[in-house]
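Please consult the sequence and the structure alongside the numbered paragraphs.

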Amino acid sequence: MNIDNQLVVINTPKNKYLSVVENNKEFITNEGKFKFSDIQKIPSIITTSTGIDFQIYSPTYKEFVLLMKRGPQIIYPKDVGQIIVESNLHNSSKILEIGSGSGALTLYLYSLLKNTGKLYTLDSSKTNQRRANKTITRYLSTYSSDTVDVTFINEELSKFNFESIDENIDAIITDVPEPWEFFINNKIQNNINWVSYLPSMSQIMRFNETLGKNNFQDIEIKEVILRDWIVDEKVVRPTNKLVSHTGFLISAKYIKY
Ligand SMILES: C[S@@+](CC[C@H](N)C(=O)[O-])C[C@H]1O[C@@H](n2cnc3c(N)ncnc32)[C@H](O)[C@@H]1O
């Protein structure tokens, strides 16, 4: 099995690292070092120069997006889960994502799709779209040799013409500061589930008004608060750390009667 160039997590007693296997290189940390060429298969446990064992395995989605190099701030996995439910996604969904950014959400959306599913992702920054493309290609190449089929739309939201997409989109998901710009040139006329991720309540208030004016219904505003717990023989309690705020979600649907 050729594992050269594979994406791996290196889990040491003190840290987790995301790395790529490079057969002619060493992986060096304060806890010890090893040669990538010593890895026979993935997963493996490698004993380092200091006698400490490192676990080497393929990253989960959560490990990958939390450990990867980022451009813009990503949507955290806890919010990704809720976004998928609120936008009512299934494997044949036609999705328009607005704000590709680092591609953390793009990757999850894409990996859900099969059959006739299709993903369009819009961003005004070419640099960020290149990063998003790298994020999905890098992660998915660990699991499949299929080429990634995402349509990147490089455009300012305020100039975007929704009709340029030659397909009936059924979910729109945004992570841009001003999602109301969509409605400068566009009207929704088909059944659509809309979800916007926004860090501040002032943005939510403005967009709540926009959705109402554009005849969306079932507008819901929520925040996902997640608490990890420690459970072992002596201690059963929430961990000390809590990500106190990431963003709010506003979701709604447009129904064409
Ligand atoms: C916070 S990032 C998105 C992060 C992404 N959701 C992720 O999980 O990796 C926001 C992105 O929206 C883009 N953006 C912001 N305002 C925009 C606009 N008016 N039109 C198009 N793209 C915009 C930025 O270039 C940036 O890449």
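This is a predicted model: local features need pLDDT of at least 70, side-chain atom pairs count only at pLDDT 80 or more; totals for chains, interfaces and linings use all residues.

1. Asn-115 counts as exposed because it has 9 C-beta neighbours inside 10 Å. The terms are set by counting other C-beta atoms, placed from the backbone, within 10 Å of a residue's own: buried means 20 or more, exposed 12 or fewer, and partly exposed in between. Asn-115 lies in the loop between H3 and E8, and its phi is near 45°, a positive value in a residue other than glycine.

2. Residues are numbered from 1 along each chain as its sequence is written.

3. In overall terms, the chain has six helices and 15 strands; these are DSSP runs numbered from the N terminus, with helices (H or I) of at least four residues and strands (E) of at least two. The C-alpha trace spans about 65 × 45 × 30 Å along its principal axes. Of the 257 residues, 28% count as buried. Among contacts with a separation of 6 or more, 63% come from residues 24 or more positions apart, a contact being two residues whose C-beta atoms, placed from the backbone, lie within 7 Å.

4. Asn-215 follows H6 and is placed in the loop between H6 and E12. Its phi is positive, near 65°. With 13 C-beta neighbours inside 10 Å, Asn-215 counts as partly exposed. Most residues other than glycine have a negative phi, and most peptide bonds are trans.

5. The peptide bond from Ile-42 to Pro-43 is cis, with omega near 5°. Pro-43 is found in the loop between strand E4 (32-35) and E5.

6. Which residues of H4 are buried? They are Gln-129, Arg-131, Ala-132, Thr-135, Ile-136 and Tyr-139. Seen down the axis of H4, they fall within an arc of 160°, so they line one face of the helix; the arc is that of the directions from the helix axis to the C-beta atoms. The face turned away from the buried side carries the exposed residues Lys-126 and Thr-127. The cover over the buried residues of H4 includes strand E1 (7-11), helix H1 (61-67), helix H3 (104-112), strand E8 (118-123) and strand E9 (151-154).

7. E8 and E9 pair in the parallel sense over four bridges, where pairing requires at least two DSSP bridges between the strands. Leu-122 stands opposite Ile-153 in E9. Together, E8, H4 and E9 make a right-handed β-α-β unit: with the strands pointing away from the viewer, the path from the first strand over the helix to the second runs clockwise.

8. The buried residues of H6 are Gln-203, Phe-207 and Leu-211. They cover an arc of only 65° around the axis, which puts them on the same side of H6. Exposed residues on the other side of H6 include Met-205 and Glu-209. The buried residues pack against strand E11 (192-198), strand E12 (217-223) and strand E15 (248-254).

9. An open sheet of four strands has the order E2-E1-E6-E5, with antiparallel pairing. Its edge strands, E2 (16-20) and E5 (44-47), each pair on one side only. E1 and E2 pair over five bridges, and Ile-10 stands opposite Tyr-17 in E2.
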